[in-house]
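Visitor: Hello! I would like to learn how to read salt bridges in a protein model. Could you walk me through some?

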Amino acid sequence: MNDDTVVGATIHFSGIVQGVGFRPTVYRIAKRYGLKGHVKNTDIGVFIEVEGKRSSINNFYHNIINNPPELAEITDSSIDFHEPLNFKSFVIIDSEDGTGFSPIAPDIATCNDCLQDIFDKSDRRYHYPFTNCTNCGPRFTITKAIPYDRKNTTMSGFIMCEQCQREYDSPDDRRYHAQPNACGLCGPHVNLYSRGGSEISGDPIAGCIELLNSGKIVAIKGIGGYHLACDPTNHEAVLKLRKRKRRPGKPFALMVKNLEIAKKYCYVNEIEGELLLSPERPIVLVPKRVLQQSISPMVAPDTNFLGLMLPYTPLHHIILEEITHQERGGILVMTSANFSEEPLFFRDKDASEGLHNIADAFLVHDREIERPCDDSVIRVVENTIIPVRRSRGYVPRGIAIGISNHNVFSAGASEKNTFCVFRDQKAYVSHYIGDLVNEPSIDAYTRGIDDFIDIFRINPEVVACDLHPDYHSTIYAEELAKRWGVTIYRIQHHYAHIASVLAEYGIEGPVIGIAFDGTGYGEDGNIWGGEFLVADGKEYERVGHYAYVPMPGGERSIIEIDRMAISYLLMAYGDSAHIPDFPFIDNKEAERLTIFEKILEKHINSPLTSSCGRLFDAVSALIGLCSTPTYDAQGAILLEREAGDFDSSLAPYQYSIDKDNRIHFDQMIREIVNDKIQGIQNGIIAGRFHMTIITSAVELCERIRNNTGIGAVSLSGGVFQNRIVFKGLFHKLMERGFSTKINTLLPPNDGCISLGQGLVALNRLKEGIKTINR
Ligand code: ZN
Ligand code: ZN
Ligand code: FE
């Protein structure tokens, strides 16, 4: 057949191909190649009938694949040639209202075209804070139901003006079927309110900036919830925010106007720069410039890193632009508006009530947020992207998991919770829910699940949850399994960690899994967290772990970490009489030591733990860095800062690995005490401690490889937020010929647990394992 012959073709695309300007792109490309036919959305994607020269159709097809709209993600496509059907022109056919499923796209930062509109004085959208187009703007946070159509979003109440409607209807326009399309005439508006709730007259954005410049705290409604903003160069303002938010030390995120300003305050490498500019616009943790002095040290008192993000809505862009005009340097504190451990405020009424003792004013708008979505947080270590929190910009993008089409729901962990639904060989991990330790969080959790089951049209065939019987996520999973009449799989926490890495990379295993973590319920009823597993997608075996130590008072020793120091001291010296005098002991009331000795002797409420996180806590307390953390992992964060960077020339402390592959740190503890007595600097001690963690893990991996022949290592667990541990382990394992993988789509902390649980459930479901309980 000649390439000039006129033929017909049927073309299919699936993936994120709806609500992202796919059909108009197809339309424009069809026109360019002089093709006739039509394009329409279907239940499963985009369907095209075309006819024209065979060569043109081929070019057309590949042009779409190579140049899809910015937000589209084609996962599958097909083309079938047939006889021409004699179309007259090329047209876009309106959505079919099917019962099928096409995933919603994430919220995407304002695109450059829209930015131009916003800052062009002659444009009708000049300084309009809700400007968007098919390439940018809110999606996930405004969608009430699928299919993604204006009537199913929180924009349904805004009737488009004539000009907006014309854009919306015109296939040649960038705003063709842009569901949140709006302008100053017809769309949402911002208003500024005082703390008492009365409207502040004048231009709301100018008023907001004036308040910020005078050291006030303003709650600003964004895309996925409220932020609390203040001037980071105003020390008093930052202190005031800390005091009012009752958040003494946990770092605040900053929004900077552009990459140039980011580089003024921090060292930003190429990968970090790309992340900052990416349409997902995460917060990126980057090292502070040593000499920058203008930002209050109280923005991030415990670390040498700052969390920076670039503006991602027109409102942010306008505010940051104007702040620069005031010579303030185009930078703002933009921290999530919540109480510690509680979810983000995203509804106006909740925010005005909940934040009224924190914010001096509220910059709000009348586009409802359908569901909350926190800013995502990422750090880059050794050119590896390691998320700290995966939420806005990434959620609900699917993660491809081969295996099977089964529908699975997985409940996640208790801390830094996400849950996950699986369908069509994809995992849809939820937005960041948080710690399920209070009513509002548990509420957000159950609401979020109902919502995902609905918008993803899930009919779960099995439920997966943690092994911990008391987690709220476990209890709710049991309730759901009963309601749906399906089997429940209880997956051990650290196995789920390692399985999440297998899922991300599509690795079958077996691998050596190192899970270094705070806590997780073990098969033996103890609290695990310094674990060496051999695992594949279906099963695992615990092949080594940190030696158990008691946690005096159980959970209390997570809040008072000097308890762990005392526990490790007693373990290393046998009893309190043998512990030498050193600063930690001198500063303790002798009473406290004897009390814990008694508690431990009598085994009163002292569960055993192999947790790596607890060892970091113990050492942090032992050398006087932290005894009662005010936020999660503060002890470990201070220890990491003290150690500086990974220094391969530092010698590890002594440790031992017994015949059952248990790592004992008694000698290390005694050496650290001796170092303290001799007045060795904390920086050296912290560095050698990190080296001990790294060296002992590598040695145990080699032993496991000798026994099993497995040379692939997967790393997961909250401790891998520590860049020294990851960097050191990564290098040392590579030197010894191991191939090493870590979570990079999801955080290695408990945000990845739901993915791992689901992977194991899918595999077991496929194998027909119905009742296994681990
Ligand atoms: Zn745009
Ligand atoms: Zn309009
Ligand atoms: Fe964990």
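Predicted model: local features only at pLDDT ≥ 70, side-chain atom pairs only at ≥ 80, totals over all residues.

Visitor: What is a salt bridge, and how many does the structure hold?

Guide: Side chains of opposite charge can pair when their charged atoms come close. Here a salt bridge means a side-chain nitrogen of Lys or Arg within 4 Å of a carboxyl oxygen of Asp or Glu. The structure holds 37 salt bridges.

Visitor: Which residue does Arg124 pair with?

Guide: Arg124 pairs with Glu167, and their closest N and O atoms are 3.2 Å apart. Arg124 sits in the loop between α3 (112-118) and α4 (162-169), and Glu167 sits in helix α4, so the bridge ties together parts that are 43 residues apart in sequence. Helices (H or I, at least four residues) and strands (E, at least two) are DSSP runs, numbered from the N terminus.

Visitor: Is Glu167 buried or exposed?

Guide: Buried means under 20% relative accessible area, exposed over 50%, and partly exposed in between (1.4 Å probe, protein chains only). Glu167 has 11% relative accessibility and counts as buried, whereas Arg124, at 30%, counts as partly exposed.

Visitor: What about Asp149?

Guide: Asp149 forms a salt bridge with Lys151, with the closest N and O atoms 3.9 Å apart. Asp149 is buried at 16% relative accessible area, while Lys151 is exposed at 54%.

Visitor: Which partner does Arg688 have?

Guide: Its partner is Asp675, and the closest N and O atoms of Arg688 and Asp675 are 3.9 Å apart. Arg688 belongs to helix α21 (residues 682-708) and Asp675 to helix α20 (residues 666-677), so this pair ties together parts 13 residues apart in sequence. Arg688 is buried, at 18%, and Asp675 is buried, at 11%. Elsewhere, salt bridges with shared partners join Arg556, Glu560, Asp562, Arg563 and Arg592 into one network.

Visitor: Where is Glu162?

Guide: Glu162 lies in helix α4 and is exposed, with a relative accessible area of 66%. Glu162 and Leu185 are 23 residues apart in sequence, and their C-alpha atoms are 9.8 Å apart in space.

Notes:
Residues numbered from 1 in each chain as written. Chains lettered and ligands numbered in written order. Heavy atoms only, no water.
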